[in-house]
Amino acid sequence: MRIVDYAMHGGCAVLTLTNPPVNGLGFDLRRGIVAALDQALADAQVRAIVLTGGEKLFCGGADVREFGSPRSGQEPGLLAVIAAIEASSKPVVAAIAGVCLGGGLELALGCHFRVAKADASLGLPEVKLGLLPGAGGTQRLPRAIGLEAALDMIVSGRPRPAARFEGSALLDAVVKEGELLPAAIAFAERAAAEKMPLKRLRDVKLNAPGADAFLQFARNNVKAANRFLPAPAQCVEAVAASASQPFDEGLRTERALFIGLMNTPESRALRHAFFAERAASKLDVPAGTPLREVRQVGIIGAGTMGAGIAMVCANAGIPVVLLEAKQEALDRGMATIRGNYEATLKKGRLSPAQFEQRLALITPTLSYDALRDADLAVEAVFESMEVKEKVFRALDAVMKPGAILASNTSALDLDAIARLTQRPRDVIGLHFFSPANVMRLLEIVRGAATAPDVLATAMQLARKLGKVAVVSGVCDGFIGNRMIARYGEAASGLINQGALPQQVDKAIEAFGLAMGPFRMGDMAGLDIGWAIRKRQAAAQPGKDFADVADRLCEAGRFGQKTGAGWYRYEPGRRDPLPDPEVTRVIEQWRADRGHTACKIDATEIVERCIYALVNEGARILEEGIAQRASDIDVVYLNGYGFPLHRGGPMKYADEVGLPNVVRALRRFAAEPGANPALWAPAPLLARLAAEGGSFN
Ligand code: NAD
C-alpha cells in the first residue's frame, strides 16, 4: 500500500494517510500527501478531495523517529504541504477521527473544511516539548476559534474533544453517530456541487476587540506560572502576532520564535525527557519474549505501601487479594484505602459506581490460601529480612507454578530474597514510591536470576498501571536512593563548611527542585536517618557516622511532625521558618568538630549537590545497574522532583559539559578532609570528559 492511499468515491478523491502507528508526518508521508494532491488536482473527474487517516485516527503530528535527522528538514516541509492544500482550487475536506494533534491539527487547519467525529481529540501539545506549533497553528487556530480559546489550547498543550468546537469555524460538521468517511465524502460532494466558497483560514480577518488588554493579562499570568520555561510565554507572543500582523508576517514571527525555542536548553531537556521515557521501556530481552498473564494480584502487607499498591492495581481494573498478619492491621489498611477513595469521590474525580467497583476489586484476607490463584504477589511488609523470609517462604509454598513473586523492598538484597525460594527466576523487585497511588515512578529490580519473561511481564504491567518504569540492577538503594544518599552527604557537607539549611534550600529551589534537601528532610522525618546512622555505628565500631542532624534529633527535633527540625513550624502550618536555635546547634557542632566556616555561594551549593548525584549516577551506569544514562534521568524526573526543564541530572551534566563537571569534582576532592568516595570523579565520567563525550 502507498503511504497515502488514493481512492475514488464518485467525484471525490479520498486520500488516506497510512503511516503507522500514528501517521507521523515524516518526509515520506509529507511527500506522499503532495503527490496524491497533485494527482487529484490533475484529474478532471475529481471534484472534491477528502484528506483522512481513516475511522480510527487522523494524525499524531511530527514523526518523532525523524526528530533531529536531516529528513525532518527535507522539503516538502509541513508548511509547504499545508500551503499546497490551502491553495488547492478543488475543495479539500479533512475527515478527522481519534487523535489530531500538533502538526496533524495544523494540517487539518490548512484544509478548506473539517468534519470530525465528536470524540476526536484536537490539540497543539508542542509546548510540552518546550516548543510552539511551528506550521501555522498559532496563526490559523485563533482565526478559527478566537484568540482566547486558541491561546488556552496552545499554552496548556491540552487536547480537547471535537464536540466542543461544534458551531465554530474549526469544524464544519461533527459526526456523533455512525461512520466518519461517508459523512465527510457527502460533505465534500455537496461543497463541490453547491460551489461553496473555499474557506482559507489565512484569509480570515481576526476580529479580537480588546486583544491588547487580554494579551497583556495573559503574558503576566503565563510568566508567573512558568518560572523556568520559556515556551509558554513565546506561545503568547506567537498568538499575539495573529492579532497584530498580516498572516504571512505572522507566519514568519511564528517561525522565528519556533527556531529560537528549538535551541533553548529547556526545550532540549523536555525533548530528552520525552525520548528518555520511551527508551526506558525498551528491555534487553530476546525479541518475542512471551509475557505471563497477570489477571489477579496478591499484596502482602496493608501498610503505607501495600494499601497504595492495592489502589494502583484496582485503579487499573486488576482484582487484588490483600493479605495481613493481623486483623487490626488489615482493617486499618482497608480503612485507609476507603478513606482515599472517599476523598476522590468527594472531589468528583470518581463516580459513586466507580467508587464501589474499585473497593469491590480489593479482597482483604488473613490467609495465604487466598493467594492460590494470584498470578503475581507484591510483598510490602516491614523492611526486615527476617519478616521477608517468612513471607517469601509462605508465598513459595502456596503460589501456583509460573506466578511472579515481587518485593517492594527499598534496600534489602533482592538476590538474597530470591534464594529464599525454590524459584529465583520468578522473583523480581517492584519498587514503588510513596504515595504509591500518586507517584509515577516504578523501579523494576532485575535480580541475577530473574527470567527475561518475568522482566518483560513486569514492564507490561507497569504500563497497565500507568507507571513510568525503569529497570535497575541489584545494589544498595537501587538507582534512585543510592544516588540520593550522595546528594544528602553533599548537603550535610555544606553545613559543615559554613552554609545554613535555608541557604542550601534556597539555592536548590532556585535551580528548580520543588524542595531543597533540608525542607525535604523535615517533611520525611529526621528520625529515620538518625536510626540508620545508629545502626551503622553499632555494626561498624570505630567508623564515624555522626551528623549534625543527630544533635537536632537528640533535642527532639524530628521535622514537621514534631513542629521543629532544620526549621521551626507554627502549629498547624507547614511553611519552614529559619530558627536561630538551629544556627546555634550548627555553630556548636562546627566548633566541636574543628570545622571552620567559610562563605559559600549559590553556584557552589548547586554544583556540590547536583554533581554528587551525577558522579554516583556515572558509577551506577558503569556498573550496569542502570541500562542507560537517560534511565537515570527518568528516575529523577519522576520520582525525586528533579526539574523537568533540566532534563534530569545526567542530561544536566551533558548541558554543563562533562569536563566542567570533572573539574569541579577534582576541586572538591582536593580539599582537606574531603571524602574521596563522594568526590573522586567516577572513572566513566572522567573518561567521557577526556574524550569529549557525553552521557546521552
Ligand atoms: P508499613 O510499616 O507502613 O507497612 C508494613 C505492613 O506490613 C504493616 O501493615 C504490617 O502489619 C504488615 N506486616 C508485617 N509483617 C507481616 C507479615 N508477616 N505478613 C503480612 N503482613 C505483615 O511499611 P511500608 O512503609 O508500607 O513499607 C513496606 C515495604 O515497602 C518496606 O520494605 C519498605 O522498605 C518499602 N518501601 C517503603 C517506602 C515508603 O516510603 N514508605 C517506599 C518504597 C518502598
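How far is an oxygen atom of the ligand from an N or O atom in the side chain of lysine 388? The distance is 2.6 Å. This is a predicted model, in which local features need pLDDT of at least 70 and side-chain atom pairs count only at pLDDT 80 or more, while totals for chains, interfaces and linings use all residues. Residues are numbered from 1 along each chain as its sequence is written, and side-chain values use heavy atoms, with hydrogens and water left out.

Start at the ligand. There are 22 residues around it, a residue being near a molecule or strand if one of its heavy atoms lies within 4 Å of it. Met305, Glu324, Glu383, Lys388 and Asn408 come nearest. Polar contacts are pairs of N or O atoms within 3.5 Å; within protein, one atom must be able to donate a hydrogen and the other to accept it, and residues adjacent in sequence count only if both atoms are side-chain atoms. Glutamate 324 places a polar side-chain atom 2.6 Å from an oxygen atom of the ligand. For asparagine 408, a polar side-chain atom lies 2.9 Å from a ligand oxygen.

Lysine 388 has another partner. Its side chain meets that of glutamate 383 in a salt bridge, 3.4 Å from N to O. A salt bridge here is a side-chain nitrogen of Lys or Arg within 4 Å of a carboxyl oxygen of Asp or Glu. Lysine 388 is buried, at 1% relative accessible area. Glutamate 383 is partly exposed, at 39%. The cut-offs are under 20% for buried and over 50% for exposed, with partly exposed in between (1.4 Å probe, protein chains only).

Side chains of opposite charge can pair when their charged atoms come close. The structure holds 45 salt bridges. One of them joins glutamate 166 to lysine 176, with the closest N and O atoms 2.9 Å apart. Glutamate 166 lies in the loop between S8 and strand S9 (173–175), and lysine 176 in the loop between S9 and helix H6 (180–193), so the pair ties together parts that are 10 residues apart in sequence. Helices (H or I, at least four residues) and strands (E, at least two) are DSSP runs, numbered from the N terminus. Glutamate 166 is partly exposed at 44%, and lysine 176 is exposed at 59%.

Another salt bridge sits within a helix. Arginine 486 and glutamate 489 both belong to helix H17 (residues 478–497), three residues apart, about one turn of the helix. Their side chains meet at 3.0 Å, N to O. Arginine 486 is buried at 17%; glutamate 489 is partly exposed at 32%. Shared partners link Arg482, Arg486, Glu489, Glu616, Arg619 and Glu623 into one salt-bridge network.

Now turn to a sheet. Three strands form an open, mixed sheet in the order S5-S7-S8, where pairing requires at least two DSSP bridges between two strands. Strands S5 (99–101) and S8 (160–161) are the edges, each pairing on one side only. S7 (residues 121–123) runs antiparallel to S8, joined by two bridges. Helix H3 (residues 103–110) packs on the sheet and touches S5 and S7. Its direction makes about 85° with that of S5; axes are lines fitted to C-alpha atoms, for helices over the stretch in contact, and angles run from 0 to 180 degrees between N-to-C directions.

Finally, look at glutamate 86 in helix H2 (residues 78–87). Glutamate 86 is buried, at 3% relative accessible area. Leaving out residues up to four places away in sequence, glutamate 86 touches Gly110, His112, Arg140, Arg200, Leu201 and Arg202, contact meaning heavy atoms within 4.5 Å.
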